[in-house]
Amino acid sequence: MKKAVPIGYEDIKEIIDKNLYYIDKTMMIRELLDSGAKVSLFTRPRRFGKTLNLSMVRRFFEKEIDSGWEQIDNSYLFDGLEISSCGERYLRHQQQYPVISLSLKSAKQPTFDMAYQSIIDEMVKEFDRHRYILDRDVLQAEDSRLFERFLRKEAEPIEYAKGLEFLSKCLAVYHGKNAIILIDEYDVPLENAYFEEFYEEMIQFIRSVFESALKSNPALEFAVITGCLRISKESIFTGLNNLKIYSVLNEQYGNAFGFTQEEVDTLLRDYDLGQKRKEVRRWYNGYLFGDSEIYNPWSILNYVDDKGKMLQAYWSNTSSNSIVRELVEEADTETRRELEMLIEGRIIEKPVHEDITYGDIHESRDNLWNFLFFTGYLKQCGQRLDGRKRYLFLAIPNEEIAAIYEDSILEWSKKKLAVTNMDALIRSIETGDCDAFGAFVSEQLLDTISFFDYGENYYHGFLAGLLKGIKGFTVLSNRESGEGRADIILRENKFCGKAVILELKVAKAFDQMEGLCREALQQIEEKDYEAELRKDGYGPILKYGVCFYKKGCMVRK
């Protein structure tokens, strides 16, 4: 029997206890102890194993106490894992420290009050998890009373702002050892607050919590924070000189999040999917963390759990794609050109800005590109230094992410067409104004983002979609008529109404366009595309040869 794939599991204890498949990431513990960093911030895209790794850190270091004041033995969780063979230097830290573990992902709420209360609820859960402190007479009376107010959710706002610092002090008094603080998804409340428009209120609260807990807290052993984006020190980590940041650009911890090629190969073999290696690589590989080539773990696990039946964009169902949609919807001419380059598999170059805030995203287009890079929608292909400024060569990581861009572009195109005034187009068609017809279509082409090669299928779909916005007409594509198939037919929605036949051609050079328009008109006549329309009483029947070259359109009647 093969082990079950752990979809949605975020605690190593559950995975081990249920004998689920686990890819060993415990060498991250060794790196943490070797680094000596007081506060470590890890930024990785969503669903790349940050929460699971924090649970691993917690279960290794925590001296966990149950309600009967007995220590819970979690040492068995690491039996046979890599950290267990690293020697006494590391194992002497196992189950030796009190741990505060706080997740901020529940703060994704529509109002500041709801987001604030969600964070308070999570904080109170940690106080409740450590309520055993009150059962021994170790705290001063005033601290005991404050602890109890936290449990009843009756603390003052300033006390909540200093809640993690206070809890770590209480734990240090009880255990005789400083506390480890783990904060997961620290940027979720900030991202949400930005989109819901209460960013300043939230950032002030988060800054207060972090400064008190992490800046000059004598009861802090060390802290590990995870998130998606590196928020600038000036906005949230003010004066925190003991902070070490490990982004996707750092070589350290490069393979601690996500799956390496070797890990994926083993996983595929274990589930009899080794023959799928190439297509899996094309769809889910492509990330570069430091100098480590990394796969998206969420997508790989879902693909294996589905027994390799279909390659699909699993990640898009979990991540917020709103920034991609925003980029597409607000794109200027230059940005549309760069998006087309990326979707064609080409590379763009952008200056890197690691210290950005959500409020900075729209101050420059470069900030938005950086946001897409750090959140996993672009990958690094290389970098160069120009004076003091570092530039990244960026590309779309894989087919899964390309699908997200394409879906966003299609959705934007539909919205755009829905509000486009088609009066000029239908007037040009009805009056036979070929120049106005071609100019209107060319203008729409210039204002769109193409993610196909400029082949006939692309232009056919584009023009058919454009014409569907014309009221009073039915659009028929490639319908049987006469001796062949007309590319597009427009029929007026009334008895004996007008009809329009459009035959499309694609030129390889501008000087071919005129001739191809004439060739299209000749084809309409030779194949008698109007036969069925005449039979059904339509008239007059207008016939157009339409030729495309890149983002230009020429029309002849």
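Which side chain does the side chain of Asn217 meet in a polar contact of 2.9 Å? In this predicted model, the partner is Ser168. To find the spot, look at the loop between helix H10 (199–215) and strand S4 (220–227), where Asn217 sits. Asn217 has a relative accessible area of 8%, so it counts as buried. Its side chain also has a polar atom 3.1 Å from the backbone oxygen of Ala213. If you skip the neighbours within four places in sequence, the residues in contact with Asn217 are Glu165, Ser168, Ile181 and Ser212.

Now move along to another loop, the one between S16 and S17, which holds Lys551. Is this lysine buried or exposed? With a relative accessible area of 17%, Lys551 falls under the 20% cut-off, so it is buried. As for its side chain, it reaches the backbone oxygen of Thr448 at 2.7 Å, and one of its polar atoms lies 3.2 Å from the backbone oxygen of Leu445.

Strand S16 (residues 541–549) runs antiparallel to S17, and five bridges join the two.

S17 itself (residues 552–556) is mostly covered, with five of its five residues buried. In a regular strand, side chains alternate between the two faces of the sheet. Here Gly552, Met554 and Arg556 point one way, while Cys553 and Val555 point the other way. Whichever way they point, all of these residues are buried.

Notes. Residues are numbered from 1 along each chain as its sequence is written. This is a predicted model: local features need pLDDT of at least 70, side-chain atom pairs count only at pLDDT 80 or more; totals for chains, interfaces and linings use all residues. Side-chain values use heavy atoms; hydrogens and water are left out. Buried means under 20% relative accessible area, exposed over 50%, partly exposed in between (1.4 Å probe, protein chains only). Helices (H or I, at least four residues) and strands (E, at least two) are DSSP runs, numbered from the N terminus. Two strands pair if DSSP finds at least two bridges between them. A polar contact is a pair of N or O atoms within 3.5 Å; within protein, one must be able to donate a hydrogen and the other to accept it, and residues adjacent in sequence count only if both atoms are side-chain atoms. Contact means heavy atoms within 4.5 Å.
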